[in-house]
Amino acid sequence: MDTMRERFATTTSRLLDEDPRLAVVLAEITADRFREAATTHPDRVINVGIREQLLIGAGGGLALTGMRPIMHTFASFLVERPFEQIKLDFGHQDTGGVLVSAAGSYDWPTGGFTHMAPGDVALLDTLDGWTIHVPGHPDEAETLLRHAAAAGDDRVYLRLSEHANAEPRPVDGRGLHTVRSGRRGVVVTVGPMLDNVLAAVDGLDVTVLYASTVRPFDARTLRTAAGASDAADVVLVEPYLAGTSSTAVGEALLDLPHRVLGLGVGRRELRRYGTIPEHLAGQGLDPATLRSRIDGFLAG
């Protein structure tokens, strides 16, 4: 199976052939995978070098001319480093574009903490009008990328990961999908965390909702699932900063007595390189630890 980043490069290269409004702006990362596309479309594949603020500024300028820019690099360099440019060049100017990240929370452990961005979704969540997709499989990433590229002038963030589920799920860019139903509570799992969550809740009488699109938050589906449970107990399992969507859950269930447990990446930096599975275990996101934490919460 190819990775989400590999699928991004091949799909975007095809989209450049199909849609003259699209342009790709790179900051060196993944540029080698766009060499052929850059030869075919030299005016629409732009590599600004290791200048991430310029990456966003150039994308914003393209958007002002009516182009649909797709801007790509690692999440720490795409969202955190040029955050002011995102806020002003897209939000303040009220223009649209597509941010496509890689490396996520711990996807390249040997890169160290400089190449990790567990707070990216929470940071973008401080801005208005962003759609945020977190696919769990390369097929989902392609579907959501095509959706974002054709989404008029919307502002879209597509968060890619090296960590993926074994099989894709049907996605439509709209919110939560019911994977299984139960009575003891609701587990909302995001993107590549689905397989670990399903292993963790095996044998538990809980509803599992899967999100590959986390913003806008699908309050209606969550309310329906929580209302059908014996108790409105909700566990969030997100592959980024723990509790990122807890406020959205609380607002969705504002008039219902409820409890929320937010699981994800902690604020404490794990100062080891390791591997993706070791980082998952270190953050308590492996199936065994998830089972223990979910069991303890539902029994409380």
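This is a predicted model: local features need pLDDT of at least 70, side-chain atom pairs count only at pLDDT 80 or more; totals for chains, interfaces and linings use all residues.
1. Helix H3 covers residues 52-64, and its length is consistent with its residue count: at 1.5 Å a residue, its 13 residues should span 18 Å, and the end C-alpha atoms lie 19 Å apart, which agrees.

2. The buried residues of H3 are Glu52, Leu55, Ile56, Gly59, Gly60, Leu62 and Ala63. Viewed down the helix axis, these buried residues fall within an arc of 160°, so they line one face of H3.

3. As to what covers the buried residues of H3, the elements include the strands E1 (22-26), E2 (45-47), E3 (68-74) and E4 (97-102), together with the helices H4 (75-80) and H5 (83-92). After H3 comes Gly66, which has a positive phi, near 100°.

4. Strand E11, residues 233-241, has nine of its nine residues buried, and it is therefore largely enclosed by the rest of the structure.

5. E11 is joined by four bridges to strand E8 (residues 186-190), the two running parallel, and by six bridges to strand E12 (residues 259-265), again in parallel.

Definitions and conventions: Residues are numbered from 1 along each chain as its sequence is written. Side-chain values use heavy atoms; hydrogens and water are left out. The expected span of a helix is 1.5 Å times one less than its number of residues. Buried means under 20% relative accessible area, exposed over 50%, partly exposed in between (1.4 Å probe, protein chains only). The arc is that of the directions from the helix axis to the C-beta atoms. Contact means heavy atoms within 4.5 Å. Two strands pair if DSSP finds at least two bridges between them.
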